[in-house]
Amino acid sequence: KLSYMWLALAVLAIFYGIYFSKMLAQKRHGIRTHQIGRRKEKTLHTIEMLMGIATLGAPAAQLLSIALGWSCLPANARFTGFCIGMLGDLIFLASVLCMKDSWRAGIPDKDKTELVTTGIYAFSRNPAFLGFDLMYIGVLLQYGNLLTLGFSLFAMMMLHLQILQEERFLASTFGDPYREYCRRVFRYLGRRKEHKRSY
């Protein structure tokens, strides 16, 4: 049981280590990464604030479950959870590296960012959110209980609503290039086959 505790803590430590390392690196360049709740539009502000609560509550529930050793799942599910959680960490790392200084948490208020469509973004429009979801699923499989289930589902639902808000923002900001990108690349994972024209 101790080994599962360390595996779950490793998934969380790596994930949030990436998150805060990127935030600190951008702060050194004068970039404010955390933009959640800065926009004043009512619906967007509400969704971002709920997402902020969810993404704070989920790790608290995860850490409490780990501390109490509260898991209802068998060993093979727990090891599978570790593998899924680590996959989420890797996808999240790839996403923040590919975004470079355009990465933000939340929709920027005034910052001008670039549209990134290369690297992992050629296969997912929202790989950072995909990384979050896989991390939540991974820890849930390691420490499956009603507490982690409730908070994980709430966080994943709020992240999805945030994606929908961000996609509206990106469409209005970047216009046709973004809409064409959406036609090629799926929201979470995958891309459409491009048919070659025959002459």
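Read along the sequence, the chain follows the pattern α-α-α-α-α-α, with 6 helices and 0 strands in total; helices (H or I, at least four residues) and strands (E, at least two) are DSSP runs numbered from the N terminus. The model is a predicted one, in which local features need pLDDT of at least 70 and side-chain atom pairs count only at pLDDT 80 or more, whereas totals for chains, interfaces and linings use all residues. Residues are numbered from 1 along each chain as its sequence is written, and side-chain values use heavy atoms, with hydrogens and water left out.

The mean pLDDT (the predictor's confidence in each residue, from 0 to 100) of the chain is 88, and 90% of the residues reach 70 or more. Among the elements, the lowest mean pLDDT, 90, belongs to helix α2 (residues 42–68), and the highest, 96, to helix α4 (residues 127–142). Where pLDDT is low, the predicted coordinates should not be read in detail.

Of the 199 residues, 46% count as buried, that is, under 20% relative accessible area with a 1.4 Å probe and protein chains only, as against exposed (over 50%) and partly exposed (in between). The chain exposes about 11200 Å², of which carbon and sulfur atoms supply 67%; accessible areas come from the Shrake-Rupley method with a 1.4 Å probe. Of the contacts (heavy atoms within 4.5 Å) with a separation of 6 or more, 81% are accounted for by residues 24 or more positions apart.

Helix α4 packs with both α1 and α3. The axes of α1 (residues 2–28) and α4 come within 10 Å and cross at roughly 165 degrees; axes are lines fitted to C-alpha atoms, for helices over the stretch in contact, and angles run from 0 to 180 degrees between N-to-C directions. Helix α1 is therefore roughly antiparallel to α4, a term for angles over 145 degrees. The crossing is left-handed, meaning that the near helix is turned anticlockwise from the far one by less than a right angle. Residues of α1 including Tyr4, Leu7, Phe15 and Tyr19 meet residues of α4, among them Gly131, Phe132, Met135 and Tyr136.

The axes of α3 and α4 are 7 Å apart, at an angle of about 160 degrees, so α3 is also roughly antiparallel to α4. This crossing is likewise left-handed.

Gly88 lies in helix α3 (residues 75–99) and counts as buried because its relative accessibility is 0%. Not counting residues up to four places away in sequence, Gly88 touches Phe15, Gly131, Leu134 and Met135. Gly88 and Tyr136, 48 residues apart in sequence, are separated by 8.5 Å in space, C-alpha to C-alpha.

Conventions: Angles under 35 degrees count as roughly parallel, over 145 as roughly antiparallel, 65 to 115 as roughly perpendicular and the rest as oblique.
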